[in-house]
Amino acid sequence: MEIKEPKPAKPRGRPLSFDRDQALEQAMHVFWQRGYEAASISELTTAMGITAPSLYTAFGDKERLFLEAIERYATGPGGGYPRALEEEPTAYLAIKRCLEEAAEELTRPCHPPGCMVTMAATNCSVASAHIQAALAKRRAASDEGVRCRIECGIKQGELPADVDAEALANFYATVFRGMSIQAADGASRESLLATAAAAMRAWPAR
C-alpha cells in the first residue's frame with residue numbers, strides 16, 4: 001500500500017519586512033499634523049518608510065490606518081485625560097489635572113501640537129463625514145467621562161446640589177478644545193497653563 005506523504009502547510013504570507021508598530025507611530029504623526037484628508041498616501045509611506053503595497057497589506061487602507069492611528073493616540077499621548085478622571089480623589093483635582101497635563105502634552109516638541117482627535121478631521125468633505133462622526137463619537141465619550149466625574153462630585157457633596165453637571169462638563173470640554181487650537185497656532189505651555197488656571201477659577205463654590 002502506498003503511503004502518501006503529508007502535504008506541507010501553505011505559507012501564511014510573507015512576513016512584514018518593517019516594524020509595524022514604528023510605522024504606525026509615524027503615520028499617527030502625519031495624520032496629526034496634516035489631518036485625515038490632507039495626508040496623502042505618498043506622505044504616509046514616506047514617513048513610515050514603506051511602499052504603498054506594504055501599507056495596504058499591513059493596514060488595509062488609508063481609513064483603517066487612520067482609525068488605528070487614532071486608537072494609538074488615545075492610548076498614548078491622549079491617554080492622560082481618562083487617567084486623571086479615574087485617579088484623582090475629587091472632581092476638582094481631576095479636571096485641574098486634565099487641563100494642566102493638556103497644557104504640557106499639547107505643546108510637547110516631540111510631536112505635532114494640539115490634540116489629534118480635535119484637529120485631525122476638521123474641514124473634511126462629505127466623503128469623509130463618517131470619519132468626522134467617528135471622532136465626534138470619541139470626543140463625546142470623553143465629555144461623558146467628565147460629566148460623570150462631576151456628577152460623582154455632586155453626590156459626594158464636593159459641589160452644590162444645583163450644579164448643572166452637563167453644562168459644567170461642556171464648559172471644560174470647550175476650554176480643552178480651545179487650548180488644543182491655541183497650541184496648534186503656537187501657544188506656549190505657560191500660556192495654556194494660565195488658561196487652565198483661569199478656567200479652574202470658574203469652579204462652582206461649595
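I looked up Met116 and found that it touches Met28, Phe31, Trp32, Phe66, Ala69, Ile70 and Tyr73, leaving out residues up to four places away in sequence; contact here means heavy atoms within 4.5 Å.

I note that this is a predicted model, in which local features need pLDDT of at least 70, side-chain atom pairs count only at pLDDT 80 or more, and totals for chains, interfaces and linings use all residues. Residues are numbered from 1 along each chain as its sequence is written, and side-chain values use heavy atoms, with hydrogens and water left out.

**Core.** I then checked the largest nonpolar core, which has 57 residues; Met116 and Ile150 touch the most other members. Helix α9 (residues 165-184) gives the largest share of this core, 8 residues. A nonpolar core is a set of buried Ala, Val, Leu, Ile, Met, Phe, Trp, Tyr and Cys residues joined through side-chain atoms within 4.5 Å. Buried means under 20% relative accessible area, exposed over 50%, and partly exposed in between (1.4 Å probe, protein chains only).

**Chain.** I counted 10 helices and 0 strands in the protein chain; helices (H or I, at least four residues) and strands (E, at least two) are DSSP runs, numbered from the N terminus. Of the 206 residues, 39% count as buried. Among contacts between residues at least 6 apart in sequence, 68% join residues at least 24 apart.

**Helix α4.** I compared the span of helix α4 (residues 62-75) with expectation: at 1.5 Å a residue its 14 residues should span 20 Å, and the end C-alpha atoms are 20 Å apart, which agrees. The expected span is 1.5 Å times one less than the number of residues. I listed the buried residues of α4 as Lys62, Leu65, Phe66, Ala69, Ile70, Tyr73 and Ala74. An α-helix has 3.6 residues a turn, so residues three or four places apart point the same way. The cover over the buried residues of α4 includes α1 (20-34), α2 (41-48), α3 (52-59), α7 (116-119) and α8 (129-155).

**Thr45.** I found Thr45 in helix α2, where it counts as buried at 10% relative accessibility. Thr45 touches Ile50, Thr51, Ala52 and Leu55, again without residues up to four places away in sequence.

**Cysteines.** I searched for disulfides (cysteine sulfur atoms within 2.5 Å) and found 0. Cys98 is buried, at 3% relative accessible area, whereas Cys110 is exposed, at 56%.
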